[in-house]
Amino acid sequence: MAEVKKSLKLQKLVDKTLKEFADEIGSAEGKPEGGSAVAATASMAASLALLAANACPEGSVSEETVKELPELSKYMLKQVDDFVRSRSPLRKRLAEESSTVEEIESAARVACGIPNEVVYLMCHNLEMLDEIADACPDEMVPNVLTAVHLSLGVIAAMRGEIKALSNHMMEFTFRYTVNREAEINVQEHQELIDNLIEKLNNRLNKE
């Protein structure tokens, strides 16, 4: 019964107030950890992008972008709880003295799925922010820049998460591939990221 109640509690992390969520992360018993906090941050990055998109002149931002952003924000909120569930098998295996190397590696592979997906989705969020940055009114520029840096913070955090999880993997090919996938995503977007930040800073610094 205690395990059932614990599971129900974890499933409702997304419904907590901000204070409750922060307290849950910081408590000795709490297990949301970094992944859940990052997922919530990713949701805010998408929401800020949507805020700016909604302030753009009609037709200046694609319908696809306006449609995708609320879905992305909603999806990332779902990951607040999914991160906990995805890490549970690994946490259990690491706590059990009888766990084999193969069992630990298998659990780590499962946990790696969400971080790599989040890197991909935040890179896509940056693509949409680039579109919005060209069309948003001046008063929205700080919100767009904030969304950019939140997205970049999420990407950096998830790459760290992937690296930590891959340390539990003995198979070199998979360990290399799971890290390389995120690295390639970032490399392919680096020019866009640099130009986007420069563009936004130029708009803020204009005479």
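Trainee: Which residue meets the side chain of Asp138 in a salt bridge?
Mentor: This is a predicted model, so read every distance as computed from it. The N to O distance of the pair is 2.6 Å. That falls inside the 4 Å cut-off for a salt bridge. The partner of Asp138 is Arg203.

Trainee: How many residues apart in sequence are the parts that Asp138 and Arg203 tie together?
Mentor: Asp138 sits in the loop between α5 and α6 (141–166). Arg203 belongs to helix α7, residues 172–204. The pair therefore ties together parts whose separation in sequence is 65 residues.

Trainee: Is Arg203 buried, partly exposed or exposed?
Mentor: Buried means under 20% relative accessible area, and exposed means over 50%. Asp138, at 39%, is partly exposed. Arg203 has 22% relative accessibility, so the class of Arg203 is partly exposed.

Trainee: What is the total of salt bridges in the structure?
Mentor: Side chains of opposite charge can pair when their charged atoms come close. The structure's count of salt bridges is 12.

Trainee: Which residue is linked with Lys78 and Asp82 in a network of salt bridges?
Mentor: Start with the pair itself: Asp82 forms a salt bridge with Lys78, and the closest N and O atoms are 2.5 Å apart. The network takes in one further residue, Arg85.

Trainee: About how much of a helix separates Asp82 and Lys78?
Mentor: Both residues lie in helix α4, residues 63–95. They are 4 residues apart. The separation is therefore about one helical turn.

Trainee: Which helix holds Glu103, the salt-bridge partner of Arg93?
Mentor: The closest N and O atoms of Arg93 and Glu103 are 3.8 Å apart. Arg93 lies in helix α4, and the pair ties together parts that are 10 residues apart in sequence. Arg93 is partly exposed at 29%, and Glu103 is partly exposed at 30%. The helix of Glu103 is α5, residues 101–135.

Trainee: Which residues does Ser99 contact, leaving aside neighbours within four places in sequence?
Mentor: Ser99 lies in the loop between α4 and α5. At 14% relative accessibility, Ser99 counts as buried. With those neighbours left aside, the contacts of Ser99 are Arg93 and Ile104.

Trainee: With which side chain does the side chain of Ser73 make a polar contact?
Mentor: Ser73 is placed in helix α4 and counts as buried at 9% relative accessibility. Beyond four places in sequence, Ser73 touches Ser43, Ala46 and Ser47. The polar contact spans 2.8 Å, and the side chain on its other end is that of Ser47.

Trainee: Which element gives the largest share of the largest nonpolar core?
Mentor: This core has 59 residues, and those with the most contacts inside it are Met122, Ile132 and Val144. Elements giving two or more residues are α3, α4, α5, α6 and α7. The largest share is 17 residues, and it comes from α5.

Trainee: What is the area of the nonpolar surface patch made by Val14, Met44 and Leu77?
Mentor: Met44 lies in helix α3, residues 33–55. Met44 is partly exposed, with a relative accessible area of 43%. Patch residues need over 30%. The patch covers about 220 Å².

Trainee: How many helices and strands does the protein have?
Mentor: From the N terminus on, the elements run α-α-α-α-α-α-α. The C-alpha atoms fill a box of roughly 65 × 40 × 30 Å along the principal axes. The secondary structure comes to 7 helices and 0 strands.

Trainee: What share of the 207 residues counts as buried?
Mentor: The accessible surface is about 11,400 Å², of which 55% belongs to carbon and sulfur atoms. Among contacts between residues at least 6 apart in sequence, 79% join residues at least 24 apart. The buried share of the residues is 40%.

Technical notes
Residues are numbered from 1 along each chain as its sequence is written. This is a predicted model: local features need pLDDT of at least 70, side-chain atom pairs count only at pLDDT 80 or more; totals for chains, interfaces and linings use all residues. Side-chain values use heavy atoms; hydrogens and water are left out. Patches are made of residues with over 30% relative accessible area and no salt bridge: like charges are joined within 9 Å, nonpolar side chains (Val, Leu, Ile, Met, Phe, Trp, Tyr) within 5 Å. Accessible areas come from the Shrake-Rupley method with a 1.4 Å probe; for residues, only the protein chains shown count as cover. Buried means under 20% relative accessible area, exposed over 50%, partly exposed in between (1.4 Å probe, protein chains only). A nonpolar core is a set of buried Ala, Val, Leu, Ile, Met, Phe, Trp, Tyr and Cys residues joined through side-chain atoms within 4.5 Å. A polar contact is a pair of N or O atoms within 3.5 Å; within protein, one must be able to donate a hydrogen and the other to accept it, and residues adjacent in sequence count only if both atoms are side-chain atoms. Contact means heavy atoms within 4.5 Å.
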